[in-house]
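Here is a short briefing on one protein chain. Start with the structure, then read the points by topic.

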Amino acid sequence: PQVEDELSYVYQPGDIKILGKPDLWEYDENGIYITDYKSTSKDETDRLERYEMWNVNTPFYGVLLSDYLGSEKGFDPPVYVRHIVLSTRGRPAIAQFKPLTRRKIRLMRTMMLGTATQILTERGVDFTGAHPDIFCDGCDFAPVCRGHLTNADVDGILKESFEPRKQN
């Protein structure tokens with residue numbers, strides 16, 4: 001198993017480099033298995049259902065690993081994802097591995113590369129349709145979204161809270 005190893009893959013055209021750091025992943029001839037860990041002080045079962053439905057991290061990791069292993073090793077197995085929610089109030093909630101369909105991989109790749117292209121070309125992200133939800137509290141970019149939603153100085157929030165990534 002690989003634990004929090006940083007992966008990168010360069011997508012063509014456009015030389016878009018995507019970085020990812022899945023919590024835990026492994027692969028064999030039967031598939032790629034990705035586990036995303038979450039912690040909470042809330043009801044773990046309720047959180048597990050929400051993460052499984054709405055969290056895009058695991059599908060994005062699935063795209064990255066599928067493309068990386070396919071390109072680097074000529075390996076294109078099915079992808080399986082799951083969440084494990086660790087609660088300070090009770091027992092952990094452990095999901096079963098679920099297949100990430102080829103259709104979903106294509107959809108998530110389009111979404112991921114669309115967002116990356118928007119960031120690269122516009123040096124920002126369009127927040128049209130942004131709305132607060134349960135994941136905002138655990139997101140590093142929550143101050144940016146809240147700033148947009150409350151008509152605050154988003155550029156100021158970005159400059160104060162984040163540094164531009166250094167080019168390699």
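Contact means heavy atoms within 4.5 Å. This is a predicted model: local features need pLDDT of at least 70, side-chain atom pairs count only at pLDDT 80 or more, and totals for chains, interfaces and linings use all residues. Residues are numbered from 1 along each chain as its sequence is written, and side-chain values use heavy atoms, without hydrogens and water.

**Helix 4 and helix 5**
- Pro143, Val144, Gly147 and His148 of helix 4 meet Val154, Ile157 and Leu158 of helix 5.
- By class, this contact has five nonpolar, two polar and no charged residues (Ala, Val, Leu, Ile, Met, Phe, Trp, Tyr, Cys and Pro count as nonpolar, Asp, Glu, Lys and Arg as charged, the others, Gly among them, as polar).

**Lys38**
- Lys38 sits in strand 5 (residues 31–40).
- Lys38 counts as buried because its relative accessibility is 18% (buried is under 20% relative accessible area, exposed over 50%, partly exposed in between, with a 1.4 Å probe and protein chains only).
- Leaving out residues up to four places away in sequence, Lys38 touches Tyr51, Asn55, Asn57, Ile84, Val85 and Leu86.

**Whole chain**
- The protein chain has five helices and eight strands (DSSP runs numbered from the N terminus: helices are H or I, at least four residues, and strands E, at least two).
- Along the sequence, the pattern is β-β-β-β-β-α-α-β-β-β-α-α-α.
- Of the 168 residues, 34% count as buried.
- Among contacts between residues at least 6 apart in sequence, 58% join residues at least 24 apart.
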